[in-house]
Amino acid sequence: MNLVVPVLTAGMLLIGVGAHVEAGRQAGVGAHGQGGGLVGAGAQAGGAGQVGAGAYVERSGRDGVVVQGLRGVRSAGGAGAWVDPADPGGRTGARGEQNGRRTSLTLTHSKIVVTGNGVKGGRSDGYRLTSPCWYEPGPTPEEMLKAQENSADHFARIKADEASFLRYLQQFKDKIGKPGRWWTPAYNAADPRGTACWTDMELFVFVPPNTTPPQGITLRELADIARAALTVPEPTVKLNPDAKSYVNLPTWVWLDGLGETTRSATASIPGVMSATVVATLKSIKIDPGVGTDRAEVSEDCGPSGRPYVKGGTFRCGVRYLRASLDQPREVYQLTVTTVWPVEVADNVVPVQYAPVEVGVTRDVPVGEVQSTVTNS
């Protein structure tokens, strides 16, 4: 199932109703069917969206944020800590849409939860996950067997061939009392490679404690998911003069209404492990839209530019040297880009991400002051 991460433009949070499941493969505890048929250990497909171990429930809305109701516990071990909980719990994934200023991240059949002030109300830079599919730690042997025995997905199978079904269950019975967990596959459906990658994976793999199977989710990949979900505020660019500038007149540049200048995103498998990435606004870049023969740029701007002060020293902005009458639409296109370096919190994985950079373009008409000199 999918859970949508709120990585949309500011103010959008649309919660819909009703459960939805996808046809096809079985993933983890609980069966997938069509038309809202959800079965798992202790599943409830009611309005509260509460489920038991491993069941999948989705509450969906249009073009907004989808929140799935799954109980889970957060890791007591801190960022990056591995623990062996009785129930990993957690929601079943995250999804965002790429449409203009929106980001793209669709975690399907996943227990990964993405949280933080950096996953909503901003813009993403389109960071792409390296791996489109992976295994995640899932149910205990007891939870898995109970779900498989009770799954409505197998009812027709039992009626048709009970002996075959009992042989199918034996692989789960064989693991009862043994240390370890069943790991199940998940993938990023927003990646064109995701579905094909997922279909080549096993439905479930039994993994001993303190072991990661081939293609098993790692802290680095969890940090990558947090990085892909990370957004920063879209800057509002202020200029002085604002409506129109003139040749050789300094145009001051600064940002307005930025809000928080530190943004974070945490991707976690509750009770198992987590990774957090943090972006901090460091500087802005100014592109006047033309070459140095037409504009001089001053970039002593600090993190967010320097507001106009009457009689102050011009340090951040652009001075246009020629009028814009010969340009398309008779304006220069000034682009201001915010630069947000990204770090992994607590250095849980040794990776250096490229900064998040988000730009806004303003039209700047530049005129020329005409003067006439006469003999007195």
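Helices (H or I, at least four residues) and strands (E, at least two) are DSSP runs, numbered from the N terminus. The model is predicted, so local features need pLDDT of at least 70 and side-chain atom pairs count only at pLDDT 80 or more, while totals for chains, interfaces and linings use all residues. Residues are numbered from 1 along each chain as its sequence is written, and side-chain values use heavy atoms, with hydrogens and water left out.

The protein has 5 helices and 19 strands. Its 376 residues are 48% buried, where buried means under 20% relative accessible area, exposed over 50%, and partly exposed in between (1.4 Å probe, protein chains only). The protein exposes about 17600 Å². Carbon and sulfur atoms supply 49% of that area. Accessible areas come from the Shrake-Rupley method with a 1.4 Å probe; for residues, only the protein chains shown count as cover. Contact means heavy atoms within 4.5 Å. Among contacts between residues at least 6 apart in sequence, 70% join residues at least 24 apart.

V344 lies in strand 17, which covers residues 332-344. V344 is buried, because its relative accessible area is 10%. Beyond its neighbours within four places in sequence, V344 contacts T276, V277, V349, V351 and Y353. V344 and S264 are 80 residues apart in sequence. In space, their C-alpha atoms are 9.5 Å apart.

A nonpolar core is a set of buried Ala, Val, Leu, Ile, Met, Phe, Trp, Tyr and Cys residues joined through side-chain atoms within 4.5 Å. The largest such core holds 64 residues. Within it, I112, I217, I225, Y320 and L334 touch the most other members. Helix 5 gives this core its largest share, 7 residues. A second, separate core has 9 residues, among them L145, F165, L169 and F172.

A search of the whole structure finds 2 cavities of 30 Å³ or more. On a 1 Å grid over the protein atoms alone, a cavity is a set of points where a 1.4 Å probe fits but cannot get out; lining residues have an atom within 4 Å of a point. Grid points are joined across faces, edges and corners, and a volume is the space filled by probe spheres set on the points. The second largest cavity has a volume of about 40 Å³. Its lining consists of L129, T130, S131, W134, E221, D224 and I225. Helix 5 (residues 219-229) gives the most to this lining, with 3 residues.

How values were computed
On a 1 Å grid over the protein atoms alone, a cavity is a set of points where a 1.4 Å probe fits but cannot get out, and a pocket is an open set with protein on both sides within 12 Å along at least five of seven lines; lining residues have an atom within 4 Å of a point.
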